[in-house]
Amino acid sequence: MRLIISFLLFHVLSIGFAQKTQINEQEYLELQDKIRFSMNSNFDQGLAYTKELMKSTNDKHLAFANGAASYLYQLKGNVAKSDQSYKTALQYLDKMPPSSEKTKVAGYLYNYKGLIEWKRGNLGKALDNYQKGIKFSTEVNDVIQMVKFKSNIALINEEIGNYQLSIKNLRQNNDFINKNESVYTKEQFQNSKSNININLGTSYESYYMKNRDKMYLLDSAEYFYKKAVTYSENFVNNKITAKMSLGNIYLIKNDLVNAEKTYFDILFLSKQNNSEQLFQAANYNLGDLYFWNKKYDKALVCFGKVDSISLKNKTLDVSYLKSNYLQAKIYNLMNEPEQAYKHSKIYLDSYEKSETKLRDEALEVNYKLGLEDLGTEMVTIQEKYKNEVLLNKALRVFYVLLVVGIIFLLVKNIRDKNKAHKKMNALIEEFKANLEKKENEVIEEVVHEKEELEDVQLKKENVNLSIDEAKENKIVEKLLALESKLEYLNADFTLPYVAKKIKTNTTYLSYVVNKRFGKSFGEYSNELKINYVINEMITNHMYRKYSTQAIAESVGFKNAVSFAKSFRKRTGVSPAQFASNI
């Protein structure tokens, strides 16, 4: 009997100890990549990888595994498990002795916590975690993680409406990834390029939604979404997301054939990969397409699938809300009062329950549909069907008022746009005339003493210098290419930097700039920056509200004083005076 008990005890202990194992560094890095890639496609598979890593006896491995699990649980909507896993991750981090590895893992954990807070809609807390985490990653020169932090911060800027800053930061990050491709594995590089191109597409699309007259923003969004599809061949969720966004671009451009085809591709891909959430989103977008093309029967089929998934999963999401809004409108147009009343009631009840959670999403819907208050329209429909005796009369009145209102708004909008356009053209012409006059009166002066000394020296060297015309033309061509990419907005747009960028030396570059543009390189660089600011002030009313320091930093000046001095030299007035006169 004792022998049997001893055997059983030994067996139990063996199983217990067998759960922990030694995982070497290579296995740890491979599991890291598997976990990260799963965050773009299969959350359950990602959690399985974290559990495999949790078998390790190494505190570093356990800290990372639990940190990654906390974000995966958040993606699945399990807040309690997410919080518990993150708490466990911090406990293992505390056990690690001070080292560069501990600092690197701390950066990972702050990134995951930022992503978690972002998913919960806490943008302030997310930004706080990103700013703390990037310090750790910078300390140990973790290039890959630094790129992630910068991209995430850029996306927060995009979400709160700082589109230009978001785009600028993402493009810089994209160039940074290209220059540091060697630090990535092939799969990591593809994944990073996939993510950065999706983010760029989103920022350009969001910027366009606030500036619908600037079609080039929509073209840029389409370009980056297509690049994202190319890089996302091995990342299913990214591929579907990029395709979904492309479908939206086609829909906005009224390219209905490509939009419908793209949405059907997404339905197939999401079904094939068991991605119910994306399947639901694709059905909503397809229904939205059919609605605006008055194919109401097809639209109702798609919206029915959206509602079915929401009810099955007991989720109150924005797709469910928007679906019922459009269904109420359809049944209203089809003169089916019971169904119109039913869906308007669902919309109003759902909106009331989720007002706080869906605030940002609802605002986006309001903007997309061109309506200031969807709830008001739903109330109108409800009240209308309480008295069916007045149905026909109410509908006739509604349609007459709607047509008159639309015509009035269209006429007013056209007149306002024409008026604003004429006023802006007059201001621009006036500015150009004044600017040309000022340029003839401005006395050349040097902004930075160091640049003055360098330019004087280079001019001395250039006296006897001669370059063949073909070489000069090539240098000018490369300079113009840098201008078109807005490279001059970078703080490091200096003579040595540009010379290295276009593969020449500082002497030749200085000589060509002096000869072709009639000015020193420092003057040439400052003029590009100031011209950019002037253009932005004229065309972007939000830009005019920025502080002098913020504007200076946006074009690469190190401080507001030197910027203001250059601006006054160029325009004859201070930035604030110029902005107030537009």
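Trainee: Which hand is the crossing where α15 passes α16?
Mentor: Left-handed. Keep in mind that this is a predicted model.
Trainee: What are the numbers for the axes of α15 and α16?
Mentor: They come within 9 Å and cross at roughly 145°. Helix α15 covers residues 296-313, and helix α16 covers residues 318-333.
Trainee: Which residues make the contact?
Mentor: From α15, they include Y296, L300, F303 and D307. From α16, they include Y320, N324, I330 and Y331.
Trainee: And by class, what does the contact of α15 with α16 have?
Mentor: It has 11 nonpolar, five polar and one charged residues.
Trainee: Switching to cores. Which residues touch the most other members in the largest nonpolar core?
Mentor: Y204, Y263 and I330, out of 59 residues in that core. I330 is also one of the α16 residues in the contact with α15.
Trainee: What is Y204 in contact with, leaving aside neighbours within four places in sequence?
Mentor: I167, R171, L217, S220, A221 and F224.
Trainee: What lies apart from that core?
Mentor: Another core, of 37 residues. Among them are M39, L62, Y86 and Y112.
Trainee: New topic: N129. Where does it lie?
Mentor: In helix α7, residues 123-139.
Trainee: Does N129 count as buried or exposed, and why?
Mentor: Buried, because its relative accessibility is 11%, and the cut-off for buried is under 20%.
Trainee: What is N129 in contact with, beyond neighbours within four places in sequence?
Mentor: Y110, K113, G114, E117 and F149.

Key: Residues are numbered from 1 along each chain as its sequence is written. This is a predicted model: local features need pLDDT of at least 70, side-chain atom pairs count only at pLDDT 80 or more; totals for chains, interfaces and linings use all residues. Side-chain values use heavy atoms; hydrogens and water are left out. Axes are lines fitted to C-alpha atoms, for helices over the stretch in contact, and angles run from 0 to 180 degrees between N-to-C directions. Helices (H or I, at least four residues) and strands (E, at least two) are DSSP runs, numbered from the N terminus. A crossing is left-handed if the near helix is turned anticlockwise from the far one by less than a right angle, and right-handed if clockwise. Contact means heavy atoms within 4.5 Å. Ala, Val, Leu, Ile, Met, Phe, Trp, Tyr, Cys and Pro count as nonpolar, Asp, Glu, Lys and Arg as charged, and the others, Gly among them, as polar. A nonpolar core is a set of buried Ala, Val, Leu, Ile, Met, Phe, Trp, Tyr and Cys residues joined through side-chain atoms within 4.5 Å. Buried means under 20% relative accessible area, exposed over 50%, partly exposed in between (1.4 Å probe, protein chains only).
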